[in-house]
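Here's a quick tour to read with the structure open beside you. Take it one topic at a time and find each spot as you go.

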Amino acid sequence: MAQPEHDEMSGVETTGHEWDGIKELNNPLPRWWIWTFYITIAWALVYTILFPAWPLIDGATQGLLGYSSRANLAQSVQQAQQAQSGNLEKIRTLPLDEIRGDPALLEFANAGGRSAFAVNCVQCHGAGAAGAKGYPNLNDDEWLWGGTLDDIHHTLVHGVRHEADENTRNSQMPAFGRDGLLERAQIADTADYVLSLSGEDHDAAAAGRGATIFAEQCSVCHGANGGGDRAQGAPSLRDAIWLFGGDRATIVETITNARRGVMPAWGDKLDEATIKQLTVYVHSLGGGEASKPAPAASVEAPAAAMP
Amino acid sequence: MMLHRPDIPPSLEVERASVTPVNKRETRSLYKARVKIFPKRVHGFFRSLKWQIMAVTLAIYYLTPWIRWDRGAGAPDQAVLIDMPARRFYFFFIEIWPQEFYYIAGLLIMAGIGLFLLTSTVGRAWCGYACPQTVWVDLFLVIERWIEGDRAARIKLDSAPWTFDKLRKRASKHALWILTGVATGGAWIFYFADAPTLAARLAHFDAPPIAWITIAVLTATTYLFGGLMREQVCTYMCPWPRIQAAMLDEDSLVVTYNDWRGEPRGRHQKVQQETGQAGGDCVDCNQCVVVCPMGIDIRDGQQLECITCALCIDACNGVMDKVGKPRGLISYATLKDYNASTREAPVHTSLRSLIRPRTIIYVTLWSLVGLGMLFALLTRERLDVNVLHDRNPLAVRLADGTIRNGYTIKILNMKTIPRDFTLRTEGIDGALMTTAGSDAARASRLLVAVPRDDVRVLKVYVSASPQDLDAAETPLRFIVEERGGGESAIYDAMFARP
């Protein structure tokens, strides 16, 4: 082997590597660096003995400390469940009104409800619960089956047109066109009348004819003035909210074929505490109705406690 | 100039040392282990000044958390407190919320400009007198000197074989150093919690883990920086010396060896005098070298390591007194005066050098920032409102045709008394509000009670008739007013329609 080359300026030995005339000097490493390096080696050795490290054919060495990230996770989950168990037990046993009356419990229930909603409900009702065509907006104050805590709870537990549940919410609007109950022209006249109920553009003459048909066919469920009936799940036709759409063509389609939206019964899928949390959360979205009638309007209102 | 007294041989007058400075450019290597420095004890004006500054700074550090300040019931009564869990900073009569952090930023800017000012006038005075590193190294040196003796004794002990006596001295020195570190870290944590309570909990070994961890970390760093690393912290770790080099100019006071007076240096002045040789005032006793905590020879000129602690001035003045020569062979001088002295007649540096355009600009800037902050502090509002518009859904149509928007409103009552506020809106006629969780009917005003020094969060639903709205978005202003007059705050938001 040739004699190592020495740099002229510094007298330091070179590594023999050269890039365009620039040669790398073989200077010693700083002591702090070399010691840090040794320490990391020692650390690594100790670590591989204490913690799971070396891969084997059917797994890895377990390590002397018996550490396992899976066990850690299980422990964390158990701790979280334990920490929540007190509140969950309260929610399971207390009436809904009392949950809503307790700010701390309400905050807990709302948070739990929000996450349960994100898992189970957003597929139809949307992330912001704003709904879509055929899927009700839960933020507004229009409720097919009632907006008090108990009403919402019942709907959640038993679902809508959930055949396996005998207490399910069920309304049976006839398919007036498809089943031949009304003629095409009669349906058109009825649609004009329905449009007139909420003050939309309509043909007054057709609406006049439609009024008679409405009184005969529709008022049983939707009420004589079209105000709807929550006991039967018949929506109000007088307000600004349309579940499927308020234009003439959609109304004609609705009368012709009827609408039969469904929602699963959650009573057998979710535990009672989760359903109660969902109830409180949906109720808090802005359209929740009081169990008792609302107090008279005032100019100044006290602000409620807010989670 | 006084002549030296010929009746006493210079060798008996002045203690001489034969040393090589530790930090000399020629002897410095990137890979060399640290050469120990054994600074010798020194007496003199600057040493006394440093003792005094050390006493004051240490007293401030240790005593500040124990000062009490009454803020009323329920509020902490500690004058200076950084309350992390509650996110509050208390400084005597001032209480700062996290969103007012710009006051801290302003203080830091003032500290920065202050350092510029200090450096451009009196050089690295911060480093030499007030920097915690300097103060704590001084403290550690006091301990070292108390146990192991002065420089000569320490050098001897260092090179001596390991005997019981050496072991005893070393062990007690390091034990005392670590105790000093514990006291340092122990005092630090009192700034972050109620000091008497925390002290009691520490005494009962009942303090939270973070307190112990902080004490441990600060003990370790204090022991490491003050005891073991010392001048290396300043030379290798601290960025400030490098910045300061750029802040110095020819009018800055720096510790200067006046070689125009000292050279040629000579140990045998008497001989020189008798033989008619030209001799400078420097007797080459190396006292300036042995007292230097940074291990440099100031006679080599300005150096990065010099923290201008001025101990070499004290040492040299002592020697000059002994040999009967005027003081000031090493002195605080500006580069300008040094150059003038070298070229022509000696110039005495006066405090006049402190006043010049650069320093005036620094003082002006510093005062402007300070006055601005003071003004902002004295006129600041103790009420604030933040509004977050719901994003999903942006707007909701209600059964009666009105449009509803949701807002999360935060009302901050930064006063130490509970207050009642009225929340109302402006910009949309007939806009009415309800709050989530309340069964109250829609109202044009809401009453909001906010506890002392707290934030109230409300989910507010505002509804308005479509004919009162613009096409897509309508400006909506939220106004919070203190009941019975007082502060008010506004927030400009938007109201959307579906």
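In β13(B), the residue B:T422 has B:E481 as its bridge partner. That link is part of the antiparallel pairing of strand β9 (residues 419–426) of chain B with strand β13 (residues 473–482) of chain B, which runs over 6 bridges. Keep in mind that this is a predicted model: local features need pLDDT of at least 70, side-chain atom pairs count only at pLDDT 80 or more, and totals for chains, interfaces and linings use all residues. As for names, residues are numbered from 1 along each chain as its sequence is written, while chains are lettered from A and ligands numbered from 1 in the order in which they are written.

**More on strand β13 of chain B**

- Two quick terms: strands pair if DSSP finds at least two bridges between them, and helices (H or I, at least four residues) and strands (E, at least two) are DSSP runs, numbered from the N terminus.
- β13(B) also pairs with strand β14 (residues 488–496) of chain B, in the antiparallel sense and over 9 bridges.
- In that pairing, B:F478 has its bridge partner B:Y491 in β14(B).
- β13(B) and β14(B) make a hairpin with 5 residues between them, and B:G484 in the turn has a positive phi of about 75 degrees.

**A three-stranded sheet in chain B**

- Look for an open sheet of 3 strands in the order β1-β2-β3 (chain B), with antiparallel pairing.
- β1 (80–83) and β3 (94–96) of chain B are at the edges with a single partner strand each, so one side of each has no neighbour in the sheet.
- From one strand to the next, the twist averages 10 degrees (axes are lines fitted to C-alpha atoms, for helices over the stretch in contact, and angles run from 0 to 180 degrees between N-to-C directions).
- β1(B) and strand β2 (residues 88–91) of chain B run antiparallel, joined by 4 bridges.
- Here B:L81 stands opposite B:Y90 in β2(B).

**Chain B as a whole**

- Chain B has 17 helices and 14 strands.
- Its radius of gyration is 33 Å, well over the 23 Å that the globule rule gives for 498 residues, so chain B is more spread out than a compact globule.
- That radius is taken over C-alpha atoms, and the globule rule is 2.2 Å times the number of residues to the power 0.38.
- The C-alpha trace of chain B spans about 115 × 60 × 45 Å along its principal axes.
- Of the 498 residues in chain B, 32% count as buried (buried takes 20 or more other C-beta atoms within 10 Å of a residue's own, exposed 12 or fewer, and partly exposed is in between; C-beta atoms are placed from the backbone).

- Most residues other than glycine have a negative phi, and most peptide bonds are trans.
- The peptide bond from B:E263 to B:P264 is cis, with omega near -10 degrees, and B:P264 is in the loop between α12 (259–262) and α13 (269–274) of chain B.
- Another cis bond goes from B:N392 to B:P393, with omega near 0 degrees; B:P393 lies in the loop between β6 (383–389) and β7 (396–397) of chain B.
- A:D20 isn't a glycine, yet its phi is positive, about 50 degrees.
- A:D20 is exposed, with 4 other C-beta atoms within 10 Å.
- B:D284 isn't a glycine either, but has a positive phi of about 55 degrees, and it counts as partly exposed with 18 C-beta neighbours inside 10 Å.
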